[in-house]
Amino acid sequence: MSNQPSNGPSYPTTRPRRLRRDDATRRLVRENQLSVNDLIQPLFVIDGHDRSEPVPSMPGVERLTIDRLQAEAAHLAALGIPAIALFPVTPANAKSADAAEAWNPDGLAQRAVRAIKDHTPDIAVVTDVALDPFTIHGQDGLLDADGYVANDITLDALVSQALSHAAAGADIVAPSDMMDGRVGAIRRALEADGHTETRILAYAAKYASAFYGPFRDAVGSAGNLGGGDKRTYQMDPGNGREALHEVGLDLSEGADMVMIKPAMPYLDVIRRVRERFDVPTFAYQVSGEYAMLNAAFDNGWLDRQACVMEALLGFKRAGANAILTYFARDVAGWLAER
C-alpha cells in the first residue's frame, strides 16, 4: 500500500501525527469544540410543593415541582447553561379529548414559565408545543370521527397553546407535533398578538423513532397512547431527503431555528440540514439515547464522562449548533473542571 497522500506533499515531508503529538497541539488544531453554550437541559415539571419523583427508565432524571424547578434553573444558570426546555406532567384528571388544558393560562407549564422567569430571568425558557401530554389518547393532535389525527383542527389548539406560553414569558416556543402548517400558523398568531420577539424552534425533522419510550413514561403519555403510534405525522426513519423538504417549509413559515430528533441515529440528517440551509440547527439527544448510555455506564461497560462528551462532540461535528441533552448539567460541570 502506498504512503502517498491523495494530494500535497508525501511522507515523510508530511506526517499528520505531528499534530497529534501532545495535548497543546491537539487543542490548537481541533476542528470542533464543545462548550457550555451548546447545552439545553430538558426538565420535567409536576404539580405539588417541595417534592420530586424519579423517572425509573431515566436514571438521575427527576420530575420536579415548580419550587424545586426554580432552584434547579438557578443552578443551571450558575453553571452557564443558557437554556432549559420544559415538559409538564399533566394530571390524569386534566386530560381531555380536546386538550384544553394545554392553553390554560394557569396550567402547569404556564405557571412554571412565570416562576422561572421571575426567579432566574436570564435563563432562556423553551416550551414544548404539542398536545400529547394533554390528550386522553396520547396523540399530538386532535382526532376526527375515524380516530385519525386531524391536521387542520389541531392547528387552532397549537396556536392557543403557543400564545399561552408566550404570554407567560416563554422565550422560545418549540412546536414538536409535526402537523403541516403549524409553524406558519403560530408565527402569524404571535405577530398579531404582539409577541414579535418570541422565537420558534421548530421540530422540523422529528422521526417516528423507537427511542422515545422513556420520555413518554416521564410525561405520563405512554399509558394513554397504549399500543398506538405516531407514524401518520412523525417522519419515516428511512427518509432523509424528506427532512430537507420539511426544514425548508418550516423556515419559509417563520421558524428561527430547527431541530432534528433523535440525534444519534440521524447524524446524517443534521449534517445535510446544516449544509443545505446553514441556519441554527439543534439536535435532541433523546430519552432512549440517554437510557441506553446509562445502562452501559451502570454495568461498568463504558466510561460515563468520556462517552457522553464524545457523543455530544459528534453532534457538534455533524453540524449542530446546540444540543438538548439530559446530560447537560453533568457536562457543564465537567467543562468547568477543565
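This is a predicted model: local features need pLDDT of at least 70, side-chain atom pairs count only at pLDDT 80 or more; totals for chains, interfaces and linings use all residues.
Residues are numbered from 1 along each chain as its sequence is written, and side-chain values use heavy atoms, without hydrogens and water. Local features need pLDDT of at least 70 and side-chain atom pairs count only at pLDDT 80 or more, while totals for chains, interfaces and linings use all residues.

**Exercise 1.** State how many salt bridges the structure holds.

Solution. A salt bridge is a side-chain nitrogen of Lys or Arg within 4 Å of a carboxyl oxygen of Asp or Glu. By this rule the structure holds 17.

**Exercise 2.** Describe the pair Arg 68 and Asp 50.

Solution. Step 1: the closest N and O atoms of this salt bridge are 3.1 Å apart. Step 2: Arg 68 belongs to helix α2 (residues 66–78) and Asp 50 to the loop between β1 (39–46) and β2 (52–54), so the pair ties together parts 18 residues apart in sequence. Helices (H or I, at least four residues) and strands (E, at least two) are DSSP runs, numbered from the N terminus. Step 3: Arg 68 has a relative accessible area of 32% and is partly exposed; Asp 50, at 44%, is partly exposed. Buried means under 20% relative accessible area, exposed over 50%, partly exposed in between (1.4 Å probe, protein chains only).

**Exercise 3.** Are Lys 117 and Asp 171 buried or exposed, and which parts does their salt bridge tie together?

Solution. Step 1: their side chains meet at 2.9 Å, N to O. Step 2: Lys 117 lies in helix α3 (residues 108–119) and Asp 171 in the loop between α4 (151–168) and β8 (172–175), so the linked parts are 54 residues apart in sequence. Step 3: Lys 117 is buried at 17% relative accessibility, and Asp 171 is buried at 15%.
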